[in-house]
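Please look over the model below.

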Amino acid sequence: MGWGWERETAAPDSCTGLVPSIVSIVKSTVGVGLVAMPFTCAHVGYLNFLILLIIFGALSHFANVCLAHATEMLISVRHLPTEKVPHVDYVTLSVMTFGKRAQWPVFALCITVCWGGAVAVMIALLDVLHGYLAGSMLASPSVFLPIVAVLVFPMCCADSLESLWYASYLGIAGCLALTMVLAELAWTSKWSMSELAPFDFAFDRLTLVPVVVFCYFGHYNFISIYCGSERRSVRRITRASVIAHAVAFTLYAATGVLGYLAFNGATSQDVLKNLRTASGYMRPTAELLYAMMLYVTIPVCLFEARAMLEESLQHFCPTFLAVEPDDLDSVDETLPLLRLAVELRKKREKMWSPLAFATPAVLAVPRPLLRRMLVVAGLLTSATYIAVTYPHVITLLGLLGASTSTTTMVILPPAFLLQISVHANVELSSAMKTACWAFLTFGLLAVPLFTGLSIATM
């Protein structure tokens, strides 16, 4: 797979100042997890809910601080050229820290996070539009989601995320719109805060803790955001992370408490289902904005996974769709199907068959683009299949939060910093070392516990 220099990362080129960095971090953090906040708040108690958001928000910010320091140490100790710094990402950092033995576990981890996020987004998109599709064949997940996959396919094949620069701003607008419509419904509801439960200490509520963890799952993008900044500094990105997490906490807390206040015991696992029967002047506008946000979030989620899979395919199958078969001499003898296609292309004027007429159009597509299209098709097909067969967003978010998000947020960042500080001969403060080891201990205990609880509730 190499070091990752040869491919694009998820960092937009415009991420050069404080405000763009804040927006990028907020968009990487706030997303589909928003729809599960009212249900979580209703079942753990609103004070417990706010405490969990504060705790894991602080842990998420500390993880970003660890990643920023580790990346800066890595750049210094490796003497990376300026042109290679923007291409450092989560997998690159893991390989350069722990060697190639860490390549595949972190590779699989990041792909699972990206792909799982796309599945959750697809489920939420169907929920938000279900009220408008009711009564038609599009209301069926097996019809609607494949159509969404086809429509989003060209966006997923884009060379970079620059063409989706508007996704960050549209995403924040959609989240704000959803929060505002819940505020309107809470204002007109008959419930008051005194009637809501502040605490719920039932053991089975632990299964909802990973859902809160998943809300802060954007760390695999943080390194790309940091390295993609022209004015890169740990102090600046730390300040951006603090502001971004304050915005994320505000959105999550407001959505959770307002949704709980609006629907109380009837709060659904996905609050978008509650909105189907709710009235309100802002509801259609909020649903439209949130649906647009979810739609453009699918290619954003799959971008990093697609790039990693393309890179691994190029590394292990360098001849797979890597040549332009203009003539037979350029085709490897070990690729009989491709050789047959070239022969049919040359004989298409002398023979008639569906294959002979179809192959010219296929062969006109550049080989790297065709390989990318196959990777995207595989990701979208598998994501659509899971979304259709298991449309339970809260369980999916809990499982992802328990396994992948906890690992990328609690275990790997302090491990990177501790290991790289040894290579760079940098003495960490005793407080930082203690915090890193506490992080690691908590993560190693939390991942199997939360994952087991999440699987038990499936």
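Is asparagine 64 buried or exposed? Asparagine 64 is buried, with a relative accessible area of 4%. Buried means under 20% relative accessible area, exposed over 50%, and partly exposed in between, with a 1.4 Å probe and protein chains only.

This is a predicted model: local features need pLDDT of at least 70, side-chain atom pairs count only at pLDDT 80 or more, and totals for chains, interfaces and linings use all residues. Residues are numbered from 1 along each chain as its sequence is written, and side-chain values use heavy atoms, with hydrogens and water left out.

Asparagine 64 sits in helix H3. Helices (H or I, at least four residues) are DSSP runs, numbered from the N terminus. Leaving out residues up to four places away in sequence, asparagine 64 touches His219, Phe222, Ser241 and His245. A contact here means heavy atoms within 4.5 Å.

A cavity is a set of points on a 1 Å grid over the protein atoms alone, where a 1.4 Å probe fits but cannot get out; lining residues have an atom within 4 Å of a point. Grid points are joined across faces, edges and corners, and a volume is the space filled by probe spheres set on the points. By this rule there are 4 cavities of 30 Å³ or more. Helices H1 (18-29), H3 (46-78) and H9 (219-227) each supply at least two lining residues. The lining divides into 4 nonpolar, 7 polar and no charged residues. Nonpolar covers Ala, Val, Leu, Ile, Met, Phe, Trp, Tyr, Cys and Pro; charged covers Asp, Glu, Lys and Arg; the others, Gly among them, are polar.

Now take H1 itself. H1 is mostly covered, with 9 of its 12 residues buried. Among them are Ile25, Lys27 and Ser28.

Tyr90 and Met96 are among them. Glycine 99 follows H4, with a positive phi near 90°.

How far can the model be read? The average pLDDT, the predictor's confidence in each residue from 0 to 100, is 76, and 75% of the residues score at least 70. Over residues 322-335 the pLDDT is below 50. Where pLDDT is low, the predicted coordinates should not be read in detail.

Notes:
On a 1 Å grid over the protein atoms alone, a cavity is a set of points where a 1.4 Å probe fits but cannot get out, and a pocket is an open set with protein on both sides within 12 Å along at least five of seven lines; lining residues have an atom within 4 Å of a point.
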